[in-house]
Amino acid sequence: MNFPMSGGPKGLVLHIRLAACCAAIALLACIASSPAYALSEIKREELPAPVTPSTDEESPGTSIPMPDPVGTPPSTSQPVAPDAAEPDSPSDGGSNRPHVDPEAPLPEVVYDLGKLPEPVRRMHDLIIEACKSGDIEKLRPLIGKGDSMTQLSLADIDGDAIAFLKGLSGDPDGQEILAILEEVLSAGYVHVDVGTPQELYVWPYFFALPLDKLDAKQRVELFKIVTAGDFDDMKQFGAYIFYRVGITPAGQWTFFVAGD
C-alpha cells in the first residue's frame, strides 16, 4: 500500500492504527470460534470428582473392604448353641456310665451266678448262649424293641439294632462284638443301687471300682477285656469306660454300651 508522503508522520500513525485494529478484529474472531470449548474442558478437569455411592462395578483395587454381614452372631453368643446340643446323657439318669466314689466302700465283687435272681440268671445265660452260637441274629429277641429295647449306644441309633451291632464289630458278621459281649458277661459282677428304681446287676465289676484300687489278680482279669494301653487311657479318665452290661432284677437287658 502506498501512502502519500505529504503529512508523512500523520499518515504513518494512521496506517499503524489501522493495522492494529485489523489484528484485534482477527484475534476476537479466533476467540469467538474456538476457545469456548477449551475453557469448558479446563474447568471440567479442575472441578473435583462428584462423590457417588460405590457400586458393584468398582475395580477391585479401589474398593474399600466392607465389614462382615450384620447377620453374623457375636462371639459371646456362640457358646449357647453348643451347650444346648452337647448333652448326650441317656434318659435313665446315666446308670450305664461309671460313677465311682473313691471314698465309698468298695462294692462286693461276685462270681457265683447262683446268687443271681432267676430272671437275671436266665437273661445272662440266654445272652451267653447267643454269643457262643456265632449268630448275632440270636440276640434280636433278647434286645427287644420300642421303649424296652436294650440301649446299645450312649447316643440315639438309627435303623436296625443288629445292623448297628455289626457296624461296631471288626468283622462283617458281628462275631467280634459277640466275643466281647461273652467275655464281659464271663467276668465278675456287682449289684448296684439296691432297693432303688435303678437297681441293676452290672458286668464287668470294673464298672464300679476305682481303677487304682484293682489288685494284680483283678488287673489280669481286666486285661482279658482291654489292652494295657486302654487301661492307661481309662486311668486318665478315672473309670472303666469299655463295654458293660446291665440287667434289672426283673431280667430286662437294659444296656450294652461303651464310652464315657
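**Helix α4 and its neighbours**

Mentor: Begin with a helix pair: H124, I127, I128, A130, C131 and K132 in α4 meet L178, L181, E182 and L185 in α7, where contact means heavy atoms within 4.5 Å. By class, this contact of α4 with α7 has 7 nonpolar, 1 polar and 2 charged residues. Here Ala, Val, Leu, Ile, Met, Phe, Trp, Tyr, Cys and Pro count as nonpolar, Asp, Glu, Lys and Arg as charged, and the others, Gly among them, as polar.

The model is predicted, and local features need pLDDT of at least 70, side-chain atom pairs count only at pLDDT 80 or more, while totals for chains, interfaces and linings use all residues. Residues are numbered from 1 along each chain as its sequence is written, and side-chain values use heavy atoms, with hydrogens and water left out.

Two packed helices are described by the angle between their axes and the distance between the axes. For α4 (residues 118-133) and α7 (residues 175-185), the axes come within 9 Å and cross at roughly 145 degrees. Axes are lines fitted to C-alpha atoms, for helices over the stretch in contact, with angles from 0 to 180 degrees between N-to-C directions. Helices (H or I, at least four residues) and strands (E, at least two) are DSSP runs, numbered from the N terminus.

Now α4 itself. The helix has 16 residues and reaches 23 Å from first C-alpha to last, close to the 22 Å expected at 1.5 Å a residue; the expected span is 1.5 Å times one less than the number of residues. V120, M123, H124, I127, I128, A130 and C131 of α4 are buried, that is, under 20% relative accessible area, with exposed meaning over 50% and partly exposed in between (1.4 Å probe, protein chains only). Seen down the axis, the buried residues of α4 fall within an arc of 160 degrees, so they line one face of the helix; the arc is that of the directions from the helix axis to the C-beta atoms. On the other side of α4, E118, R122, E129 and K132 are exposed. Just after α4, G134 has a positive phi of about 80 degrees.

The buried residues of α4 pack against α5 (140-143), α7, β2 (200-203), β3 (244-247) and β4 (253-257). Strand β3 contains V245, which counts as buried at 0% relative accessibility. Leaving aside neighbours within four places in sequence, V245 is in contact with residues including L181, L185, Y201, W203 and F255.
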